[in-house]
Amino acid sequence: MILDFHTHVQTPEQQKDPFWRGRCPMTIENVLEAQKEAGVDATLVSQPIHELRNMDRDQQLETVRKVNRYIASLQDKHQSIYGMASAVPSGDDAFLREWERAIKEDGLKGAWILSSLPGHYPDDDECLPFFQLATELDVPVVIHPPSVGFGEERLKDYRLASSVGRPMDNALAIARLIVRGIFEKFPTLKLVGTHLGGGICEMIGRMDYAYNLQDEAYFLGSYEPMLIKHPPSHYLKMMYLESTCYHPPAARCGCETVGPDHFIFGTDAPPLKVLKKQGVEVIKKIGLSPADEAKVYYENAKRLLKI
């Protein structure tokens, strides 16, 4: 059994945007076709809504509502499709109520959030009510990078915004959530980092020594206020990481860092559905036992999504 935790769909209205020139790849038809071609049994669909960065508050809320209702309709229509609700952690109570409605009334399985919006990261204090609600609902929160993040002025060439900028923004958001004590505040939070957490596994050793060498590393800057009781790697192991990377050594590092019980298969395809088969093969190349491979392909997601 294989469940792809990471694919995207856009609403019919979004698919008509001139940006796509009539060829939007993020359609339910492409999801189902790629699923069949790659031998995937079930798919979790979502939408990070990159356009939110260019919208005011009312436009954001209206778009989130439309996306959630559309994804819920796909979950209702297709037996192999499960859906995630789009959410804005820095939004006000109306955003929280919409997310709660999507979970309780539409049956969506959790929240899909951006790692940043202009002026906002999910570790901001204004986001605490969102994470409080996540623990009360007992559903996963999945962090996904925006279309562009910090340093975007140097990321416009060679598609670096996608290949480098997005994962780096993801890693920054996760790192800040860890050191700002999100798991001390909400120890039962089910947090998932897409794209291997954006390279956080490669950086976590440096984060640990920045924490451990308090006096010796004075020249690195302040570590105040102290909001955690353990090295950052302790909290990273409380997270789940999703496997999209297309590079077996990187996937192996992510799996070894959090363990096979916290590693989840995903492909981020669509939009690039041709990558689906390659994503499936990555898991087969990292040396897992049959039991651990089953956890990664399906069982961990099944537990998180309660399906």
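The model is predicted, so local features are taken only where pLDDT is at least 70 and side-chain atom pairs only at pLDDT 80 or more, while totals for chains, interfaces and linings use all residues. Residues are numbered from 1 along each chain as its sequence is written, and side-chain values use heavy atoms, with hydrogens and water left out.

**The sheet**

Begin by selecting β1 (3-8) and β2 (42-46) together with β3 (81-83); strands here are DSSP runs (E, at least two residues) and helices are runs of H or I of at least four residues, numbered from the N terminus. These three strands form an open, parallel sheet in the order β1-β2-β3, where pairing requires that DSSP finds at least two bridges between two strands. β1 and β3 stand at the edges with a single partner strand each, so one side of each has no neighbour in the sheet. Neighbouring strands are turned by 30° against each other on average, direction ignored. Four bridges link β1 and β2, and T7 stands opposite V45 in β2.

**The cores**

Next, select W99, F130, F131, V141, L189, L191 and F263, which have the most contacts inside the largest nonpolar core, a set of 71 residues. A nonpolar core is a set of buried Ala, Val, Leu, Ile, Met, Phe, Trp, Tyr and Cys residues joined through side-chain atoms within 4.5 Å, and buried means under 20% relative accessible area, exposed over 50% and partly exposed in between (1.4 Å probe, protein chains only). The largest share of this core, seven residues, comes from helix α3 (residues 57-77). Centre on F130 and, setting aside residues up to four places away in sequence, look for its contacts with A87, P89, L96, W99, A111, I113 and V141, a contact being heavy atoms within 4.5 Å. Apart from this core lies another, of 14 residues, among them L44, V192, Y240 and A301.

Stay with Y240, which sits in strand β8 (residues 240-242) and counts as buried at 9% relative accessibility. Y240 and G193 are 47 residues apart in sequence, yet their C-alpha atoms are 6.3 Å apart in space. Beyond neighbours within four places in sequence, the contacts of Y240 include D261, H262, R303 and L304.

**The bent helix**

Select α12 (residues 290-305), whose 16 residues reach 22 Å from first C-alpha to last, close to the 22 Å expected at 1.5 Å a residue. At V296 this helix bends by about 55°, the angle between axes fitted to the seven residues ending there and the seven starting there. The buried residues of α12, including Y297, N300 and A301, pack against β1, β2, β7 (191-193), β8, β9 (263-264) and α11 (276-284).

Most residues other than glycine have a negative phi, and most peptide bonds are trans. Move to the loop between β9 and α11, where P270 lies: a cis peptide bond joins A269 and P270, with omega about 0°, and another joins P270 and P271, with omega about 25°. D268, found in that loop, has a positive phi near 55° and is buried at 18% relative accessible area. Finish at R21, in the loop between α1 (12-15) and α2 (28-38), where phi is positive at about 50° and the residue is exposed at 66%.

Methods
The expected span of a helix is 1.5 Å times one less than its number of residues. Axes are lines fitted to C-alpha atoms, for helices over the stretch in contact, and angles run from 0 to 180 degrees between N-to-C directions.
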